[in-house]
Structures are given as structure tokens and as C-alpha cells.
Amino acid sequence: MASALSAPHFHNEEAAYAYVEARIWPEGPVCPHCGGVERIGKMGGKSTRIGTYKCYQCRKPFTVKIGTIFEASHVPLNVWLQAMYLIAGSKKGISSNQLHRTLGVTLKTAWFMSHRIREAMRSSDTGFFGEGGGTVEIDETFIGRLPGVPKAKRAFHHKMKVLALVDRATGRSRAMVIDGVNADTLMPIVLKNVASEARVMTDEHYGYRYIKHHFSYHGTTRHSVGQYVDPNDRTIHSNTIEGYFSIFKRGMRGVYQWCGEKHLHRYLAEFDFRYSNREANGVDDKARADLLLKGVVGKRLTYQRACV
Ligand SMILES: [Zn+2]
């Protein structure tokens, strides 16, 4: 059996352009300068770069890379596609170091590519979780360490804080970096992301004390006494979100030894992409790589932006 990576678009730059164009421009080329779709010609000739088109409406040349994470990158498009396939298909993620060794690009290039690919994984879906009365599990976790904050003995003030939601019916997750874990911080985010008809599940954390007024049902489990499932109603539990956090933490430990707070949102986007589009949700490796490819548009990430 041929390896998945033996397809021509992983090895030939022209085939890679054709592959990307078919997915980003399903109706044919679109000029990124004027938005025109008519009177567009493909440029030929030895001196022309692969994948160059000319728009005869605004008279400017363009390629499918403009306005995407590939813009201004010198890495051949087929190597980008290899990187995306590997990252989208790995269970826990791939470190920049591993990508550098596998693809033969420099470590610095591998780092930029990983960050841009994570940007393409960022979901543009802002729809509510728990629509139609579904169950949404909500929980926070603490990870790593905030720069410049002294280590506290038992508290979590010195750690980075993450809030995550999992929709049990759709199997999707949505996680974000938060500043604190009080109701003032948590509730606005929960209200913005969860439908009012949803059943919500949390632990007994004080930050959720008003949540029952906003949703059709609020179930709690008492983690402080080791209770993770309500013995009287076994639908009341937080097992799904516990599973999500355990995958996330294993990934962060094993693959990403260190991750500063300024990059944490991108790692969360990567974990959410992989979790929401996992095999159990009916998304196979090829479909996941194609979904990722659709996400490259409008996510141009420059060197400066990656570093601030
Ligand atoms: Zn144009």
C-alpha cells in the first residue's frame, strides 16, 4: 500500500498548487486585489513563478498564496502540505524540532510553519454550544507558569489559566486563555458561548454559583470529595471535559516542553481543532487535512505578529 504522503501534491510544487487552488477556489481563481473572477489568465513561460495568474480587470498578478498563511513564505507549497498533513494527523501534535528533522527545513522555519499552521486551525465558528438543549461541560485548568509571578505554595496565581467547554452532542471543544477564575471573568465567556437552553455541567467552583439562573439546567459534581459522577443521575458528570484536559496536558508535556502565555491560545486552537475533528467524530486524516487547508485563508501571520 502506498503511503499517504506519496501523493503528487506532497512532492511536486505544481501539483501542490493545483491541490490548494481546487480547495480554496472551488469555482475558479479569485483576484485577491479587486475580487474579480472574470478575465483571469494563467501566466506561463519559464520566467514566471509557479501558480501565477493575471487579473485583466485590475491588471495585477497573484497566486493562491496571497492572503493565506503561505504568503511571503519561501518554503515550497508541497512541503507546506506535508507539514499540514503530519500536524493534522498526529494524535498529540508535533514539535518544531521533529518537523525540522522530518521535513529538512531549518528549526526556525519549522517553528514559523507550526505557528502559522496553528493559526489555520483556529476555528472561525462562534456558534453556541448546547443548542437545542444539549449538554455542555465546563471546567478550568491551570498549566505552566506565568512570567514574573512568584510561585505560590498551594494556589494557582502563578499558573496560566484555561477555560474549556465541551459539547457532548457534537463532540466539539472550545478552549481559551483566561485572566482569572472568578464569576466576573467566567460568566461573560460562558454566556457568550453557550445557548440558554443548554444543560450545563460544572464542578462546585464558586465562580459558577450564578450559572443556574442562565441555563435550563445546572448539574454539579463535587470534585472536592472525589465525586465525578452523580450516583443518583449518571448523566451529571464532567468526564468528557476531564478527558479533554488529560489529552491536552499530555500533549503539552510530551511535545511542547515550554509554551509562553503569548502562544498558549494557538496551542489551544490546535488541540480544539484536533479534538473537534477527531476520528470518533467521523473525520479521517485526509478530511482533517482538507479542513485545515480551508482554514489557511485570511490567517496571514507575519514574523512580528507571531512574536508579540
Ligand atoms: Zn483584480
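**Figure 1. Asn193 in helix H5 of the predicted model.** Asn193 has its place in helix H5, where helices (H or I, at least four residues) and strands (E, at least two) are DSSP runs numbered from the N terminus. This is a predicted model, in which local features need pLDDT of at least 70 and side-chain atom pairs count only at pLDDT 80 or more, whereas totals for chains, interfaces and linings use all residues. Residues are numbered from 1 along each chain as its sequence is written, and side-chain values use heavy atoms, with hydrogens and water left out. With a relative accessible area of 9%, Asn193 is buried; buried means under 20% relative accessible area, exposed over 50% and partly exposed in between, for a 1.4 Å probe and protein chains only. Apart from its neighbours within four places in sequence, Asn193 is in contact with Gly127, Phe128, Phe129, Leu165, Arg174 and Met176, contact being defined as heavy atoms within 4.5 Å. Asn193 is one of the buried residues of H5, which also include Ala183, Leu186, Met187, Ile189 and Val190. The buried residues of this helix pack against strand E4 (135-143), strand E5 (160-167) and E6.

**Figure 2. Met176 in strand E6.** Met176 lies in strand E6 and, when neighbours within four places in sequence are left aside, is in contact with Lys161, Val162, Leu163, Leu165, Ile189, Asn193 and Leu268. Met176 and Arg266 are 90 residues apart in sequence, while their C-alpha atoms are 9.5 Å apart in space.

Figure 3. The largest pocket has a volume of about 820 Å³. On a 1 Å grid over the protein atoms alone, a pocket is an open set of points with protein on both sides within 12 Å along at least five of seven lines, in contrast to a cavity, where a 1.4 Å probe fits but cannot get out; lining residues have an atom within 4 Å of a point. Grid points are joined across faces, edges and corners, and the volume is the space filled by probe spheres set on the points. The lining of the largest pocket is made up of 27 residues, of which Arg122, Ser123, Ser124, Asp125 and Arg174 lie nearest the centre. At least two lining residues come from each of helix H4 (107-121), strand E6 (172-178), helix H5 (183-193) and helix H7 (261-276). By class, eleven of the lining residues are nonpolar, nine polar and seven charged, with Ala, Val, Leu, Ile, Met, Phe, Trp, Tyr, Cys and Pro counted as nonpolar, Asp, Glu, Lys and Arg as charged, and the others, Gly among them, as polar.

**Figure 4. The zinc site.** Cys31, Cys34, Cys55 and Cys58 coordinate the zinc ion through their SG atoms at 2.3 to 2.4 Å; donors are N, O and S atoms within 2.8 Å of the metal (3.2 Å for Na, K and Ca), and sites may look incomplete because water is not among the atoms. The arrangement is tetrahedral because the four donor atoms subtend angles of 106 to 117° around the zinc ion, the criterion for four donors being that all angles lie between 85 and 135 degrees. The donor residues follow the spacing C-x2-C-x20-C-x2-C in sequence. Cys31 counts as buried at 2% relative accessibility, whereas Cys34 is partly exposed, with a relative accessible area of 41%.

**Figure 5. Two loop residues with positive phi.** Arg59, which is not a glycine, has a positive phi of about 65° and lies in the loop between strand E2 (53-55) and strand E3 (61-62). Arg59 is exposed, with a relative accessible area of 52%. Ala72, in the loop between E3 and helix H2 (77-89), has a positive phi near 65° and is exposed at a relative accessible area of 58%.

**Figure 6. Asp290 and the buried residues of helix H8.** Asp290 lies in helix H8 (residues 285-294) and is buried, with a relative accessible area of 14%. Not counting residues up to four places away in sequence, Asp290 touches Tyr19 and Arg23. The C-alpha atoms of Asp290 and Leu81 are separated by 9.9 Å, although the two residues are 209 residues apart along the chain. In H8, the residues Arg288, Ala289, Asp290, Leu292 and Leu293 are buried, and what covers the buried residues of this helix includes helix H1 (13-24), H2, H4 and H7.

Note on methods. Tetrahedral: all angles 85-135°; square planar, octahedral: opposite > 155°, others 65-115°.
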